[in-house]
Amino acid sequence: TNAALAALGGGSLKAGGGGVLLGGTVLSGVAAGAALFVGGIIFGAAGDKMAEKADTAYAEMKHAEKTMDDICQYLEELKNTADEYIRSLKKVHQLYMKNFAWVSFTVNNVHKTDWCLFTSEEKKALENTALLVGLLYKMCQVNLVIKAENENEINKINIQAVNEVMQDAEKVSADIL
């Protein structure tokens, strides 16, 4: 062992070399270098694994971001559709209340219950009230959202049905006014 260490140290001290002490130091350095080399390989492999995990996490985050953007856009469209629909419902409801108040007054205050005794305005108010009740019933039957067939999908906004009934409401409102 001593001879091998002395050889690593450049020979014996008597021969002008570094001796056993320098050989031990060189051996420690070589061992440390080898350890660093092996450690570097292990660290590199771990780094590659971490980079792969980071890439996977980034891809998952981008997917989640797109999903959240889609949901936000859906909710914004739903809010806008619901707001328009509420405005239409309120308009029809106001017309209904106006016509119903006239009919209620005629029946409850004037005590007219015979259709033949109604004036043309009272008849029109009663006809409008019946028409508006039917329209309000139809409006209340519309689903704003169509449930998605797959639970992983976003529900659909029932824009076509909502627009159709709002067009009906506009037409009836225009005829009544």
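**Notebook: charge pairs, rings and a surface patch**

I started with Lys 138, which counts as partly exposed at 42% relative accessibility. My scale: buried is under 20% relative accessible area, exposed is over 50%, and partly exposed lies in between, with a 1.4 Å probe and protein chains only.

Before going on, I noted that this is a predicted model, where local features need pLDDT of at least 70, side-chain atom pairs count only at pLDDT 80 or more, and totals for chains, interfaces and linings use all residues. Residues are numbered from 1 along each chain as its sequence is written, and side-chain values use heavy atoms, with hydrogens and water left out.

**Entry 1: salt bridges**

What does Lys 138 form a salt bridge with? I found Asp 168, with the closest N and O atoms 2.5 Å apart. I took a salt bridge as a side-chain nitrogen of Lys or Arg within 4 Å of a carboxyl oxygen of Asp or Glu. The pair links distant parts of the chain, 30 residues apart: Asp 168 sits in helix α4 and Lys 138 in helix α3 (residues 120-141). Helices here are DSSP runs (H or I, at least four residues), numbered from the N terminus. Asp 168 is partly exposed, at 24% relative accessible area.

By this rule I have six salt bridges in the count. I looked up two others.

Lys 91 and Glu 170 meet through their side chains, at 3.4 Å from N to O. Lys 91 lies in helix α2 and Glu 170 in helix α4 (residues 159-176), so this pair ties together parts 79 residues apart in sequence. I read 33% relative accessibility for Lys 91, which is partly exposed. Glu 170 is partly exposed too, at 43%.

Asp 83 and Lys 79 form another salt bridge, with 2.8 Å between the closest N and O atoms. Both are in helix α2, four residues apart, so about one helical turn separates them. Asp 83 is partly exposed at 27% relative accessibility. Lys 79 is partly exposed at 46%.

**Entry 2: aromatic pairs**

How many aromatic pairs does the structure hold? I have two. The rings of Tyr 96 and Phe 100 are stacked, because their centres are 5.6 Å apart and their planes stand at 15°. The rule I used: rings of Phe, Tyr and Trp (its six-membered ring) pair if their centres lie within 6.5 Å; planes under 30 degrees apart count as stacked, over 60 as edge-to-face, and the rest as tilted.

Tyr 96 and Phe 100 both lie in helix α2, four residues apart, about one turn of the helix. Is Tyr 96 buried or exposed? I read 18% relative accessibility, so Tyr 96 counts as buried. Phe 100 is partly exposed at 37%.

Trp 115 and Phe 118 make a tilted pair, 5.9 Å centre to centre with 40° between the planes. Trp 115 is partly exposed at 38% relative accessibility. Phe 118 is buried, with a relative accessible area of 9%.

**Entry 3: nonpolar patch**

Which residues form a nonpolar patch on the surface? I listed Ile 71, Leu 75 and Ile 154, with about 230 Å² of accessible area together. Patch members have over 30% relative accessible area and no salt bridge; nonpolar side chains (Val, Leu, Ile, Met, Phe, Trp, Tyr) are joined within 5 Å, like charges within 9 Å. The areas come from the Shrake-Rupley method with a 1.4 Å probe; for residues, only the protein chains shown count as cover.

I placed Leu 75 in helix α2 (residues 19-109). Leu 75 is partly exposed, at 46% relative accessibility.

Key:
Helix = DSSP H or I, 4+ residues; strand = E, 2+ residues; numbered from the N terminus.
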